[in-house]
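Reader: Could you please take me through this structure step by step?
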Amino acid sequence: MEMENAVTKQSIPLLTPYKMGRFNLSHRVVLAPLTRQRSYGNVPQPHAVLYYSQRATPGGFLITEATGVSDTAQGYQDTPGIWTKEHVEAWKPIVDAVHAKGGIIFCQIWHVGRVSNRGLSNSNLSIFSNGFQPNGQAPISCTDKPLIDEAMFTPPRRLSTEEIPTIVDHFRLAARNAMEAGFDGVEIHGANGYLIDQFMKDTVNDRTDEYGGSLQNRCKFALDIVEAVSKEIGPDRVGIRLSPFADYMESGDTNPQALAVHMAESLNKYGILYCHVVEARMKTMGEISECPPHTLMPMRKAFSGTFISAGGFNREDGNAAVAKERTDLVAYGRWFLANPDLPMRFQVDAPLNKYDRATFYTCDPVVGYTDYPFLDSTPSD
């Protein structure tokens, strides 16, 4: 039976082993970073131990939900942080539980930039709350251009050139804290319209200093962070997530292919472990558009490390992407959320649980979080 299982796995591209730097992965199905909003007061909670360990497998790779690097980094209710000692201590049992299952886990570190507010009145939005910024200050960004919905987002304050190294240092310290918490590495969140993406995209960045204007200048902030984090914890423990083709949070670029290739080539200079890229078909949150499957190939060819693709994959096209060498690993979000045993389901081609979008961003410690059934219908231990 073991030999039969081994043969079955080898015939499924997603379930073939892969060596990612120092990490020996047993399969190529990655848990994508998914904001869950169950970290009350920005502190990871005990229920996250079960959530992550449910999705851990021997040699499986997990990326945490986006985790704030400072008290100005927050833009959503109850998202975790890693800028205090309390945060570090709260992450430790979560990391330990994944390691006990033989899994590998990276902490995704982020700053939301202008996707935040100093306090909202008359808001009934469940994913936002009043006053994410310390002392009621304005959110920070590369620009002072507000997002269109000013009822939801406070117009940002443009960072001065002299302030930017401090923000870079927040990422470095967050990476150090992640290693103290026991993580195997960190993923820098440079996608989805948040702070790093705001700097990179020419429809947002209107700076005239060394961090604005040319493509090289717009990418400088991202690369300063990559350099600082790599020096702090080692480039072989660093990944970055990018979405050059997306227009999340009004952060689009007029030449995304040039941005994609420039970033890939630039990242090679630092020798980081991987580049995790959102597929071009994911232009906006949750919507899959028609787009050639090879759009990321120039970026894939330009980058010398491990390449991870994310965005709208199912079993069939995930296998095709690996088989045709369009990517090394495939990150699954909603399907991995709803199917904590997703690699096993892919192995036996079992039906998938449907995800419940209404419970993605609730604060419940169980519902829509740890209550999705396994194939054998027994709770995870």
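Author: Helices (H or I, at least four residues) are DSSP runs, numbered from the N terminus. This is a predicted model, in which local features need pLDDT of at least 70, side-chain atom pairs count only at pLDDT 80 or more, and totals for chains, interfaces and linings use all residues. Residues are numbered from 1 along each chain as its sequence is written, and side-chain values use heavy atoms, with hydrogens and water left out.

Reader: Which residues in helix 2 meet helix 3?
Author: Ala48, Val49, Tyr52 and Ser53 of helix 2 meet Trp91, Pro93, Ile94, Ala97 and Val98 of helix 3. The residues of this contact comprise eight nonpolar, one polar and no charged (Ala, Val, Leu, Ile, Met, Phe, Trp, Tyr, Cys and Pro count as nonpolar, Asp, Glu, Lys and Arg as charged, and the others, Gly among them, as polar).

Reader: And the largest nonpolar core, how many residues has it?
Author: The largest nonpolar core has 83 residues. Such a core is a set of buried (under 20% relative accessible area, 1.4 Å probe, protein chains only) Ala, Val, Leu, Ile, Met, Phe, Trp, Tyr and Cys residues joined through side-chain atoms within 4.5 Å. Among those with the most contacts inside it are Tyr52, Ile188 and Met263. Helix 6 (residues 215-233) gives the most to this core, with ten residues.

Reader: What about a second core?
Author: A separate core of 16 residues includes Tyr18, Met20, Phe61 and Ala331.

Reader: Where is glutamine 216?
Author: Glutamine 216 lies in helix 6.

Technical notes
Contact means heavy atoms within 4.5 Å. Helices (H or I, at least four residues) and strands (E, at least two) are DSSP runs, numbered from the N terminus. Buried means under 20% relative accessible area, exposed over 50%, partly exposed in between (1.4 Å probe, protein chains only).
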